[in-house]
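Welcome, and please open your viewer. We will go from stop to stop, selecting residues and looking at what surrounds them.

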Amino acid sequence: LKIAARAEASALTRPGAAADAEAPTTASKKVELGDDRFLYTNTPGAVAAALGCPTAAIKELVVTGDSGSMPQVLVNRAFEKIALGELQSAMIIGAEALHSLSAARGAGASAKELVERWSKAELTTEARVRLDELHKSLGLSVYPPGKSIDEANRFYSELDRKHGLGAPSATYPVLENSLRIQLGRTVAEQQVCVAELFAGFSEVAAADAVHAWFATPYSPEQLCAESRENRTICHPFYLKRLNAVMAVDQSAALIVMSAGEATRRKVPREKWIFLHGCSEANDFVEVLERPSLCQSPAIRIAGARALKMAGVEDVNRDIKFFDIYSCFPVAVQIACRELGIDSSITPLTLTGGLAYHGGPGSNYVTHSIVVAAEKLRCCSGDSRALVTANGGYLTKHAFGMYANFPDRAAVEGVWCREHPSICQAEVDAFPREQVADNPEGTGVVESYCVRYGRQGPELGIVVGKLVDGPSAGHRFVANTPLGHAHPIGDLPSLRHSASGSRSLPSPGPTQS
């Protein structure tokens, strides 16, 4: 709560954000923060109460489900509400204190002790009174509407979980290996490719030691080298330093307001940042049902909509800055391929990405939007920045095209976006793969990985298509035995597989 309030106070008082100290008490506000129901039952209300915001000035309190796409989704929503005249200003804020929480738990703190230290315990008596008033007058809205937090947080199927694909650190390596196979690269070639990509990200993070969680530049050779500090998380992708890091203490906040409100508050015109284009769409939650393991129809379709709305004709010519969501290297590669971004001509991160800047839960994109705004304010000429957001297992996507100059919609006051359901309908129209519940027969391997623990390999995961048997043509997922000394050793053709390698899901050494 303290770091969330600190980010919000900074956003309200820094030059160009608000013109006077009355901003926290007079703005119509929306506060968003990822909900930890164990410690905070009304996080946005608690932040507003801690800052002393009067209840009459607050129109809604919104909490979201988990998803890295949510900061951009909420910006899109805020712009729409302001354009419709429902709000004059909104604040979007997020914070993650998993590092401190893990440290407290590691030191033996009980659940009772954590509640006593955090949550309402962080509020003054006056702030608790305000929180109670907010609870009675506004309650708490869940976004997206019509879903519970549990429903919004579903990112995988029971079949995925059963076969070890419930963790991002296993699912993204499967996507990476599928991309490698499609590109016709060897494992070694792809390992060099992802190391070179993220070495550049680490250099950006190292240049901002104030905000980056790991402000250390790494060479591609260092990122490829296995060591005690860079152990294997999955084989053949990835080593530890190529994974997003959530155990951080980080917060960020941003303010969205109408031009009229910004004028009234005397925000200098040179500080204004405009949203020229935006969109959002979700790929199938069930990864195994997607048409391809290394493509994203949602990124392709929704990304194109945001670019078109912004009037971008050439993504590589018309955009100066990019922050491509970077939980794992494959997320960056697929996004660039779907959007037509030439990764060789420009840096793809403004912060250093989730592996080096830090991946604060669902709030990373708030950081990238803030940095994009700061970069654009420093440009002498008209410039644009593209921010992409991703939640789940390359599942939920959102896009924001920011600029330091007004477009026609801003000048004429006619900002309007296409309803997200239109994009979503196009994505949903793609055919779903059928997945065999009890695969039998011979299968063509599409991808694989081996999950590692601290003591070595633990579980082999194989995904492919059945070519015979009762479920011929269906996709399958299978496992080698838990705790097997060499999980992939029973499938030697898969170690350096190319498209077309085969395995026997059942019967055989793998378990379905």
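**Stop one: the cysteines**

Select cysteine 449, which counts as buried at 0% relative accessibility; buried means under 20% relative accessible area, exposed over 50%, and partly exposed in between, with a 1.4 Å probe and protein chains only.

Before moving on, a note on what you see: this is a predicted model, where local features need pLDDT of at least 70, side-chain atom pairs count only at pLDDT 80 or more, and totals for chains, interfaces and linings use all residues. Residues are numbered from 1 along each chain as its sequence is written, and side-chain values use heavy atoms, leaving out hydrogens and water.

Is cysteine 378 buried or exposed? Cysteine 378 is exposed, with a relative accessible area of 70%.

**Stop two: helix α17**

Select residues 364-377, helix α17. Helices (H or I, at least four residues) and strands (E, at least two) are DSSP runs, numbered from the N terminus. The expected span of a helix is 1.5 Å times one less than its number of residues; for the 14 residues of α17 that gives 20 Å, and its end C-alpha atoms are 20 Å apart, which agrees.

Of these 14 residues, 11 are buried, so α17 is largely enclosed by the rest of the structure. Among the buried ones are Tyr364, Ser368 and Leu376. To see what they pack against, show elements including α4 (70-83), β3 (89-97) and β8 (321-323).

**Stop three: aspartate 323**

Stay with strand β8 and pick aspartate 323, which is buried, with a relative accessible area of 0%. Its contacts (heavy atoms within 4.5 Å) include Tyr364, Ser368 and Leu386. Its side chain makes a polar contact with that of threonine 349 at 3.3 Å. Such a contact is a pair of N or O atoms within 3.5 Å; within protein, one must be able to donate a hydrogen and the other to accept it, and residues adjacent in sequence count only if both atoms are side-chain atoms.

Technical notes: Lists of a residue's contacts leave out its neighbours within four places in sequence.
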